[in-house]
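Please examine the sequence and the structure shown here before reading the explanation that follows.

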Amino acid sequence: MNKVHTDILPGVPLIESPFFDEIFVAGHYDEEVLRIARDLNQNGFAVMQFPDPDFDQLAEAIRSSLRPRFDWPSWFESGQSQRIQDAWTFDDNVRRIAANDGVLDLLTILFGRRAFPFQTLTFPVGTQQHLHTDIVHFSSVPERFMCGVWVALEDVDVGAGPLVYVPGSHKWPVFANEHIGVDTRGTWVTQEIFEPLWRELLRKSGLVPKTFAPKKGQALIWLANLLHGGASHTDRAKTRWSQVTHYYFENCAYVTPMHSNPVCGDIFFRSLVDVKTGESVENQYLGRRIPLEFIDFTRSRSGISPADLEAQARMAASDNITSPGVIENVTSEPTPAASTLVAPDSGVPNEDSPLGPMLSGVAGAAVECQQGGSVDNVRDLMSLDGYAFVSSAYLSILRRPPDPDGLENYLAELRAGTEKLMIIWRLRNSVEAKRLRRDLRGYRAEFAKRFWNALLGRLSS
Ligand SMILES: O=C(O)CCC(=O)C(=O)O
Ligand SMILES: [Fe+2]
């Protein structure tokens, strides 16, 4: 790699550098790295064989251990897509794929900064997600230091909602709230605010979406600004087991642009954990750590005044913490059947066209939010609804406001009919909650009641 080029523009990923041709020259890298680099540079995606010799066994182990966690009857009935976020926290095989050294070394070479995995999503069926760029969810400063690596855990059929991507769309500018004219302060938004723009850009550009129907073990890397989504899953008898790992790169600030209005002081920094090491990753700017006080102060938290949120978080933090051991034996409790289901981000299956759900979408989705505070008992928590319920559950159990993914996931779950108690169960069983050793009064009684009612219902039917 030519040092001049990396010194003069260290804040641009090498594969997207204006000096790309002079950096990725034959002889300096092996042929496969050069091919992947060229594909990413020109098309915004690259396909490769996942570099783990035991991939087939890993894939089989993941499918069989996660299969019972999904709600298959509801999939067959409604075609409601499902996924598990961050299964790496309890499944070593998911973690092994996310932390694969071959992938990490490759990404580090391609971007010019050390790569680290920060999120996994495991899908048993198609996501049917509207076309989107990940950069509205996961951006960085400097921008574009993020990518996704999608890998097939089985052969994917065209009827099973394959991945769709738009080659060349990564070259579009990065669009944020100010470009689409949406002020997200005081509202909770989803990517739907960008969907009309993506549809129009696609129409105007004449770029053609492509479908990826791979064999087990084939992987696709996409760049942060590449438009991609999931085709309609038309054949429900087929599964589409796959894993996406999202990667960031070191020495950046990590932000969610759709929840940030930076010139107004609202910057939604992300609190990240490196999946490989389990350590948290600092936000940095030009080699210097961004102080946590600044992050806390500027994190807009869905546009609600940071002052309100911080007051709530402080109150939650100073609440009584139950004695160690209270949460220790939760694993012996029965596992609620639908405990790990996460509804899709957007779109309902559209049987007419495989691209239907990705291009239909609902425009302008700013939702007014009512913030819930911290509570110390399960009854109070369960009396809340929607945003108030999710934010209060986070403050009460994890002593922090929800992160954007968690909030989006749980709101979608509530809309899809998941019981509040199941959501409480999941939060309470998270690694983070176990570390805090904090409990909610009345939880065990409520849980036992729910369990016996379900059992009695089953026995009497
Ligand atoms: O697997 C899919 O259909 C899309 C997944 C996706 O967009 C993502 O994880 O960023
Ligand atoms: Fe995505």
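Helix α3, residues 31-43, lies across β1 and β9 and runs at about 150 degrees to β1. Helices (H or I, at least four residues) and strands (E, at least two) are DSSP runs, numbered from the N terminus. Axes are lines fitted to C-alpha atoms, for helices over the stretch in contact, and angles run from 0 to 180 degrees between N-to-C directions. The model is predicted: local features need pLDDT of at least 70, and side-chain atom pairs count only at pLDDT 80 or more, while totals for chains, interfaces and linings use all residues. Residues are numbered from 1 along each chain as its sequence is written, and chains are lettered from A and ligands numbered from 1 in the order in which they are written.

A46 has I221 in β9 as its bridge partner. Both strands belong to an open sheet of six strands with antiparallel pairing, in the order β1-β9-β5-β11-β3-β2. Its edge strands, each pairing on one side only, are β1 (45-49) and β2 (84-85).

Attention now turns to another pair of helices. The axes of α14 (residues 386-398) and α15 (residues 404-415) come within 10 Å and cross at roughly 130 degrees. Therefore α14 is oblique to α15, given that angles under 35 degrees count as roughly parallel, over 145 as roughly antiparallel, 65 to 115 as roughly perpendicular and the rest as oblique. Residues of α14 in the contact include Y387 and F389, and those of α15 include L407 and Y410; two residues are in contact if their C-beta atoms, placed from the backbone, lie within 7 Å.

Terms used: Pairing = 2+ DSSP bridges.
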